[in-house]
Amino acid sequence: MSNYHIKHLEEYWQVYRNSVRNPENFWEEIAEEHFLWRKKWTNVLSWDFAKPEVKWFEGAELNITENCIDRHLATRGDKTAILFEPNNPDEETLHITYKELHERVSKFANVLKSQGVEKGDRVCIYLPMIPELAVSVLACARIGAVHSVVFAGFSSTALATRINDCDCKMVICTDGSYRGNKTIDLKGIVDEALKSCEGVSTVLVAKRINSEIVMQDGRDKWLQPLLDKADTVCKATIVKAEDPLFILYTSGSTGKPKGMVHTTAGYMVYTAYTFKNVFQYRESDVYWCTADIGWITGHSYIVYGPLANGATTVMFEGVPSYPDYGRFWEIVEKHKVTQFYTAPTAIRALAKENLDYVNKYDLSSLKVLGTVGEPINEEAWHWYNDNVGKKNSPIVDTWWQTETGGIMISPIPYSTPTIPTYATLPLPGIQPALMDENGNEIKGNQVEGRLCIKFPWPSMARTIYGNHGRYRDTYFSAYKNNYFTGDGALRDAVGYYRITGRVDDVIIVSGHNLGTAPIEDAINEHPAVAESAIVGFPHDIKGNALCGYITLKETGEGRNHDNLSKEINQLITDRIGPIAKLDSVQFTNGLPKTRSGKIMRRILRKIASKDISNLGDTSTLLNPEVVNELIEQAGL
Ligand code: WTA
């Protein structure tokens, strides 16, 4: 029996039991057989969730790019590693072979070195989905620098916060980016951000849209001439198993974004293993994940997981609606994509359009369909299954998080029978637990609770950059000796898990995690605003949309509400990005509060969702009259 590639359900159970009975042996065997180590570990795992401290493969030394690139050169040198599909379908597809990737990464790494980047330095990457994004990520890893990719849809303020939080000395960007029929002035956003980032001494600028931009003397450098001069060989810097590989920011329910720190060896082993199994990857497959590398899904399942397996991974620059709603399916047909991994919000958006957009294309190459990022509703699941998979490709509903580094709960296609809306079973090595409100584990089946993980897994984030206390408080304090996910889940009669959604103040809008606090902070900056509260409400494409309840200062009363809403949304766009804009705004005389002054979001959520059937006891509120006022205002 091979632990590495599961092919039927019975085997899954065997492997799973084995992985739980003896996790260290389980992961050690996988690590030994499938990766290139410069030095073996002395200890597979040490852990203490109270501190919290987790170390995998301690004592080992490696470089992840040797695993993702160099070791494939002998057998797969001419195989396409990255298949780049540009925004504009008339522009040519780019096939970057493993050999070419090796050369590109080596050159880029030499450029980083020539610009003074050293092992352990943080480099901010703010790029659209073009090959330079994957290449620069790998170039950082090549020399042991820590990449911090910021999704290129974030605003200048959000970018600056992230650059400063982890003290980046360099930013890598483009002159601009394409998005459907629009262009975006990325360099302008970087310039604005850097007004408040003193630590950044160098900006490398790749050319993408050939726009006129201002280059700041001494700081800004065009990338291409530096690459042209760079040596094609760059010896990999060997790092320790627990050296940081990257930082990636995720929203919390309060405070500034959390810079999740992922380390090298465990992350590599886990993403490679899960990629192989969850997508049932085979050598000649063409795998496509539509996420952006600015999110964890792109890190783990566009770059590291696929490349560690020597796969061909598609990188798509564009959007599903350009030039029309058939774009995804056109690409699937053109490249005979075998695994297709996307977000429920994209499926819902496409399901609204004419079916001809799907039926026009030959999708028979598909073997596995995946979803990630939020619960998938039953209707979207069936649409995906019927029209894209033609009932022939199992859907893997993969549950995981930026913090978990890799997929945690998911069917293994062709092994685990799937049920719509169920992420089904934990992957080998993953030990979920459901907790009640008193912190006790709820055992048995047909139960619902808060989802925790009892035992460490190799790709878990090790800390929040610069704030270990926050890491402990957020994830390890609610339930003793458990990692708390922030999600609720139920376990059905056969032990399948269904994720029911966040139980904290994080709202998932179109698959993007948004914390309420930073949005409220942005709104409260408006001079007319006294106070605000954000809640999510169901939206048929985005999953959730945002509703803002806003009270005005005396000076703001009498102002035109439409204009105010526009100004507030502009503030949110400036501070965070357009993804955090409010779909609905209600100006009100007060917000429902507990006697200790805490806003009762539960009530606001109900009103925003137009479901006031079960508001619970409101008499203990400081200001119960506000509730009726809000209900009336909402016309309920
Ligand atoms: C949610 C994305 C239901 C969940 C990889 C989680 C899901 C958060 C699923 C993490 C799924 C992700 N079903 N909910 N299959 N996948 N989520 O950090 O609430 O962007 O905690 O990582 O998305 O989002 P993040």
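Which residue forms a salt bridge with R208? In this predicted model, the partner of R208 is E317, and their closest N and O atoms are 2.7 Å apart.

**Salt bridges**

Side chains of opposite charge can pair when their charged atoms come close. In this model the count comes to 36 salt bridges. Three of them are listed here.

| Salt bridge | N to O distance |
|---|---|
| R208 and E317 | 2.7 Å |
| E283 and K79 | 2.7 Å |
| D386 and K391 | 3.6 Å |

The salt bridge of E283 and K79 also links distant parts of the chain, 204 residues apart. E283 is found in the loop between α10 (265-278) and β16 (286-289), and K79 in the loop between α4 (73-76) and β4 (80-85). Are these two residues buried or exposed? E283 has a relative accessibility of 39% and therefore counts as partly exposed. K79 is classed as buried because its relative accessible area is 17%, and the cut-off for buried is under 20%.

In the pair formed by D386 and K391, D386 counts as partly exposed because its relative accessibility is 31%. K391 reaches 61%, so this residue counts as exposed. Elsewhere, salt bridges with shared partners connect E85, R327, E330 and K334 in one network.

Helix α6 (residues 131-142) meets α11 with the two axes coming within 10 Å and crossing at roughly 65°. The crossing of α6 and α11 is right-handed. From α6, the contact is made by A134, V137, L138 and A141; from α11, V303, Y304 and L307 take part. An α-helix has 3.6 residues a turn, so residues three or four places apart point the same way. What kinds of residue make up the contact of α6 with α11? The residues divide into 7 nonpolar, no polar and no charged.

Key:
Residues numbered from 1 in each chain as written. Predicted model: local features only at pLDDT ≥ 70, side-chain atom pairs only at ≥ 80, totals over all residues. Heavy atoms only, no water. Salt bridge = Lys/Arg side-chain N within 4 Å of Asp/Glu carboxyl O. Helix = DSSP H or I, 4+ residues; strand = E, 2+ residues; numbered from the N terminus. Buried < 20%, exposed > 50% of the residue type's maximum accessible area, 1.4 Å probe, protein only. Axes fitted to C-alpha atoms, helices over the stretch in contact; angles between N-to-C directions. Left-handed = near helix turned anticlockwise from the far one by under 90°. Contact = heavy atoms within 4.5 Å. Nonpolar A, V, L, I, M, F, W, Y, C, P; charged D, E, K, R; others polar.
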